[in-house]
Amino acid sequence: CHHDYFQHDGFTAISNTDFYNAIRRVVDATSATEAHVRLAGDGDPTIVGAEELCDLIVRLRKIPQVKKIKMTTNGILLGGMVEELKKVGIDGVTISLNSLTKSNYIKYAQFDGLHFVLESLKKAFDAGINLKINTIYYKWNETEIDAFEELSSQYNGMCIKVFDLLTSSD
């Protein structure tokens, strides 16, 4: 996740050109015949907006060895850029989602945005984008396993990756 104008702990993130050049150099240095790129990071790749994100994907597609480009997002802004991402050839999107109930989502995210995430999920699915959910199993969502199973079924067996239990004093 990057943007020329974003500040991260005292440094300015790199441009799409610099990011492309870095990937190109790594691929060349390793003599890789196939490379997969995942857009993620300290923040969310969708924050930069559809235009910049799609520009980066188009640039990365010019590297012959890059066979797959995937992204991990919190899903809040994804719905507004699904069509553009599909057009430039995103291969898959992973949405980090730790609760399917409004109250638990707010506890975890400190924001009432579950409806945005679920809307984005539907739009991406309807557009034919390969989807996966990452969730952290913890005290607040331990009763939601059935709901995650139902969500998976609703989206044709979408993969739901469950990470280790986090301990909490709450």
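**Exercise 1. Find what share of the contacts in the protein chain, between residues at least 6 apart in sequence, join residues at least 24 apart.**

Start with the cut-off: a contact means heavy atoms within 4.5 Å. Keep pairs at least 6 apart in sequence, and 68% of those contacts join residues at least 24 apart. Bear in mind that this is a predicted model, where local features need pLDDT of at least 70, side-chain atom pairs count only at pLDDT 80 or more, and totals for chains, interfaces and linings use all residues. Residues are numbered from 1 along each chain as its sequence is written, and side-chain values use heavy atoms, leaving out hydrogens and water.

**Exercise 2. Work out which residues touch the most other members of the largest nonpolar core.**

Buried means under 20% relative accessible area (1.4 Å probe, protein chains only). A nonpolar core is a set of buried Ala, Val, Leu, Ile, Met, Phe, Trp, Tyr and Cys residues joined through side-chain atoms within 4.5 Å. Here the largest one has 41 residues, and Leu39, Leu60, Leu85 and Leu97 touch the most other members. Its largest share, six residues, comes from helix 2 (residues 50-61). Now zoom in on Leu85: skipping residues up to four places away in sequence, Leu85 touches Leu53, Cys54, Ile57, Met71, Leu78 and Ile90.

**Exercise 3. List the buried residues of helix 2 and say what they pack against.**

Helices are DSSP runs (H or I, at least four residues), as are strands (E, at least two), numbered from the N terminus. Helix 2 buries Ala50, Glu52, Leu53, Cys54, Leu56, Ile57 and Leu60. These pack against helix 1 (16-30), strand 3 (35-39), strand 4 (66-73) and helix 3 (82-88).

Note on methods. Buried means under 20% relative accessible area, exposed over 50%, partly exposed in between (1.4 Å probe, protein chains only).
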